[in-house]
Amino acid sequence: MYIFEMPEIGEGVVEGEVVRWLVNEGDRVSVDQPLCEIMTDKATVQISSPRAGQIQKLHGRPGDILKVHSPLVTFNLGDAAEAQRAPAQKAHAPAPAQKAAPVAAPAPVAAPAPVAAPVAAPVAAPTAANTIPAPIAARMPRPPGAPVLASPAVRYEARKSGLELEQIPGSGKDGRITRADVEAATAAPAAAPAPEPRALPALQSPAPTDGDQRVPIIGLRRKIAEKMVQAYRTAPHFTYVDEVDATNLVALREQLNRIAGPRGLKLSYLPFILKALAVCFKEFPTLNAVMDEKAFELIVRKDVHIGLATDTDAGLYVPIVKHVDRKSLWEIAQEIQDLTQRTREGKARLDELTGGTFTVTSVGNIGGRFATPILNHPEVAILGVNQIHDRPMAIDGQVVIRKMMYLSPSFDHRVIDGAVAARFVSALKNILENPQSLLLDLR
């Protein structure tokens with residue numbers, strides 16, 4: 001018998017929530033086979049088996065909080081020789097699962113406070129010495145349903161390169177995937193079929209029954225709930241609503257999309273809004289800020305990193321568009337398109353989901369006139385962008401049809417006064433009603 005303890009998932013992490021088990025009691029597992037998914041305040045990680053053997057007991061059910069070094073899985077090792085060949089437990093520190101969930105979620109969601117994330121080192125370019133020739137790799141297919149064998153470091157390199165381990169032929173013992181295999185696959189990405197996105201479980205409607213049914217609130221949905229409560233209790237919210245005549249913005253977007261079409265890019269309204277925000281922050285820097293609750297200080301950020309609330313099968317995530325103030329409309333549009341797509345597919349990196357200074361939440365494509373979003377704490381402001389709709393307006397004594405849109409930002413009233421909020425929204429409105437100025441740095 002061998003008791004596998006909850007490993008140390010990351011610096012400062014002392015506990016984690018069981019999101020789901022990937023195996024059952026009585027199953028026989030191999031080394032490196034995924035056992036479960038654990039969610040912490042920083043990420044969702046996949047725990048792999050350190051030994052080969054039969055699972056005797058799973059400690060904890062989905063939704064349970066387990067402490068680091070508490071029992072996780074009890075194994076019946078069986079073959080002693082096989083167990084002796086297995087690596088030690090400490091060699092199997094878990095790597096973040098493909099849907100890393102350092103969730104930052106605004107209204108209608110809330111999110112964990114941004115955490116510092118180390119930037120991953122670049123992947124070394126493959127060389128003749130470490131690259132597996134394609135004909136050799138092609139002769140080493142993995143049987144359907146066979147476990148994927150790879151060390152945590154190799155799994156990390158594969159995720160960083162946007163590769164699915166199941167699609168990489170392994171050249172090591174028993175088909176184990178090596179770093180050289182990942183580098184070879186990176187050098188020839190066209191040979192790998194497109195991976196199927198895998199979503200973590202979100203709160204979903206239960207199957208119809210004759211009576212009431214209890215739906216566990218676990219994983220990402222629990223984190224969202226906790227952060228919503230934290231944000232709403234910590235910061236006194238107020239929402240300021242104003243309307244924007246978006247007629248010129250709609251016309252400019254349609255004009256630019258005729259140019260962008262041949263480039264394979266379609267402009268949404270978000271690049272204009274993000275660029276306009278960056279301009280406004282020059283006049284209203286305290287809106288691009290976060291609160292240090294312990295020191296009770298407002299940290300005004302130099303960099304403009306704007307988060308976008310993104311709906312996924314797993315719940316709400318907020319990928320961050322970094323350095324918005326340094327980028328053109330085209331660059332922002334390309335990054336939004338790439339970043340939100342990879343977030344929905346569960347391929348966004350941890351550093352792309354943390355470190356925001358301001359958040360935008362938009363449900364205009366769904367409907368509704370305006371909302372009262374909850375702050376993405378510790379940020380001090382969040383912008384709600386709503387549906388553009390035709391409405392009769394009186395202009396110069398004439399009733400004309402204009403394309404109108406409501407903006408509904410919320411603010412932390414401890415540090416943002418109503419007058420400041422009103423002037424900020426007025427400045428943002430002026431830019432969006434005259435968006436041609438945003439084209440001055442178009443590249």
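**Reading the model**

Author: Of the 443 residues in the protein, 45% are buried (buried is under 20% relative accessible area, exposed over 50%, partly exposed in between, with a 1.4 Å probe and protein chains only). This is a predicted model, in which local features need pLDDT of at least 70 and side-chain atom pairs count only at pLDDT 80 or more, while totals for chains, interfaces and linings use all residues. Residues are numbered from 1 along each chain as its sequence is written, and side-chain values use heavy atoms, with hydrogens and water left out.

Reader: How many helices and strands does the protein have?

Author: Helices (H or I, at least four residues) and strands (E, at least two) are DSSP runs, numbered from the N terminus. Here they come to nine helices and 21 strands.

Reader: With which strands does strand 19 pair, and in which sense?

Author: Two strands pair if DSSP finds at least two bridges between them. Strand 19 (residues 381-395) pairs with strand 18 (residues 358-362) in the parallel sense, over four bridges. Strand 20 (residues 398-407) runs antiparallel to strand 19 and is joined to it by nine bridges. Strand 21 (residues 410-412) is also antiparallel to strand 19, with two bridges.

Reader: Which residues stand as partners in these pairings?

Author: Val360 has Leu383 of strand 19 as its bridge partner. Ile382 is partnered by Ser410 in strand 21, and Ile388 stands opposite Met405 in strand 20. The hairpin of strand 19 and strand 20 has two residues between the strands, and Asp396 there takes a positive phi near 55°.

Reader: Is Ile382 buried or exposed?

Author: Ile382, which has its place in strand 19, is buried, with a relative accessible area of 0%.

Reader: Where do the buried residues of helix 9 fall, seen down its axis?

Author: The arc is that of the directions from the helix axis to the C-beta atoms. Helix 9 (residues 418-433) has 16 residues, and from first C-alpha to last it reaches 22 Å, close to the 22 Å expected at 1.5 Å a residue (the expected span is 1.5 Å times one less than the number of residues). Its buried residues include Ala421, Phe424, Leu428 and Leu432. Seen down the axis, the buried residues of helix 9 fall within an arc of 160°, so they line one face of the helix.

Reader: How many salt bridges does a search of the whole structure find?

Author: Side chains of opposite charge can pair when their charged atoms come close. A salt bridge is a side-chain nitrogen of Lys or Arg within 4 Å of a carboxyl oxygen of Asp or Glu. The search finds 17 of them. In one, the side chains of Lys67 and Glu15 meet at 2.9 Å, N to O. Lys67 lies in strand 7 (residues 65-67) and Glu15 in strand 2 (residues 15-21), so the pair ties together parts that are 52 residues apart in sequence.

Reader: Which residue forms a salt bridge with Glu17?

Author: The partner is Arg222, with the closest N and O atoms 3.8 Å apart. This pair links distant parts of the chain, since Glu17 is in strand 2 and Arg222 in helix 5 (residues 219-234), 205 residues apart. Glu17 is buried, with a relative accessible area of 1%, whereas Arg222 is partly exposed, at 22%.

Reader: Which residues are linked in a network of salt bridges?

Author: The network links Asp338, Arg342, Arg349, Asp351 and Glu352.
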